[in-house]
Amino acid sequence: MSIKVCIADDHPMVINGLLNMLSIYSQIDVLATYANGEELQQGLLSIEPDVLLLDIQMPGLAGDELAPILLKSYPLMKIVTLTNFDNALYVNAMLQHGVQGYLLKTTDPETLKNAIEIVAQGGKFTDPAIADKVQQLHTMKKEIGFSPLTLREKDILQLVVNGATTKEIASALHLSFYTVENYRAKILLKLDVKNMAELTKKALILGLVK
């Protein structure tokens with residue numbers, strides 16, 4: 001039985017590349033492709049794949065915001081995130097959000113195929129190019145435990161709790177999108193929470209925000 005796959009990415013060249021890579025595997029059937037989160041959410045109403053390949057830097061909602069929404073609506077669907085962002089903190093945050101796989105866009109066809117097959121069967125997959133960094137992060141977290149938030153992290157936490165998006169925070173603090181994403185991931189890790197609801201609740205309990 002084939003694995004049903006959908007692809008969401010705002011770069012046509014990336015989508016075409018993924019289609020070409022997957023076309024050689026008869027056990028993988030690509031049902032549809034989408035250029036943004038809005039198209040994706042609309043498409044999923046009629047086509048639900050076994051595995052969704054999700055670009056986490058699409059316009060609109062960031063990946064760590066969109067993934068939990070999709071998984072709540074489609075609990076049987078598995079998500080493999082696609083990105084050029086090879087930061088271990090961000091990998092950890094996305095896995096905490098419930099995604100089953102994390103792939104760099106530099107991955108090869110065989111690794112892509114393996115990731116799809118593993119998550120379709122209920123497993124988790126991290127791109128081998130960053131797996132060592134993720135393991136080192138987990139080891140470090142166990143060794144050092146909770147670390148206080150920096151002043152910048154507290155500023156960003158307050159904006160997140162206020163409902164600001166990554167793009168809005170980046171604009172307000174004159175930071176890059178990726179820098180803010182890195183901060184968000186680090187805050188989630190430090191507070192040991194999985195999503196924005198848990199983050200807000202814990203931040204209020206600890207008195208980290210107003």
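Me: Quick ground rule: helices are DSSP runs of H or I, at least four residues, and strands are runs of E, at least two, both numbered from the N terminus. This is a predicted model, where local features need pLDDT of at least 70 and side-chain atom pairs pLDDT 80 or more, while totals for chains, interfaces and linings use all residues. Residues are numbered from 1 along each chain as its sequence is written, and side-chain values use heavy atoms, with hydrogens and water left out. So, what distance does helix 5 reach from its first C-alpha to its last?

Reply: Helix 5 covers residues 109–120, twelve in total.

Me: Which residue caps the N-terminal end of helix 5?

Reply: Look for a side-chain oxygen 3.1 Å from the backbone nitrogen of E110. The capping residue is D108.

Me: Is Q100 buried or exposed?

Reply: Q100 sits in the loop between helix 4 and strand 5 (101–104), and its side chain reaches the backbone oxygen of G98 at 2.9 Å. It touches, among others, M77, L95, V119 and F125 (contact means heavy atoms within 4.5 Å, and residues up to four places away in sequence are not counted). The cut-offs are under 20% relative accessible area for buried, over 50% for exposed and partly exposed in between, with a 1.4 Å probe and protein chains only. At 13%, Q100 is buried.

Me: How many salt bridges does a search of the whole structure find?

Reply: A pair counts when a side-chain nitrogen of Lys or Arg is within 4 Å of a carboxyl oxygen of Asp or Glu. K105 is in the loop between strand 5 and helix 5 and D9 in the loop between strand 1 (3–8) and helix 1 (12–22), so the bridge ties together parts 96 residues apart in sequence. The search's total is six.

Me: Which residues are linked with D9 in a network of salt bridges?

Reply: D9 itself is buried, with a relative accessible area of 1%, whereas K105 is partly exposed at 26%. The network joins D9 with K105 and D55.

Me: In which helix do R184 and E181 both lie?

Reply: These two form a salt bridge whose closest N and O atoms are 3.7 Å apart. R184 is buried at 3% relative accessibility, and E181 is buried at 0%. They are three residues apart, about one turn, and the helix is helix 9.

Me: What is the phi of H174?

Reply: Most residues other than glycine have a negative phi. H174 sits in the loop between helix 8 (166–173) and helix 9 (177–191), and its relative accessible area of 73% makes it exposed. Although not a glycine, H174 has a positive phi of about 55°.

Conventions. The expected span of a helix is 1.5 Å times one less than its number of residues. A polar contact is a pair of N or O atoms within 3.5 Å; within protein, one must be able to donate a hydrogen and the other to accept it, and residues adjacent in sequence count only if both atoms are side-chain atoms.
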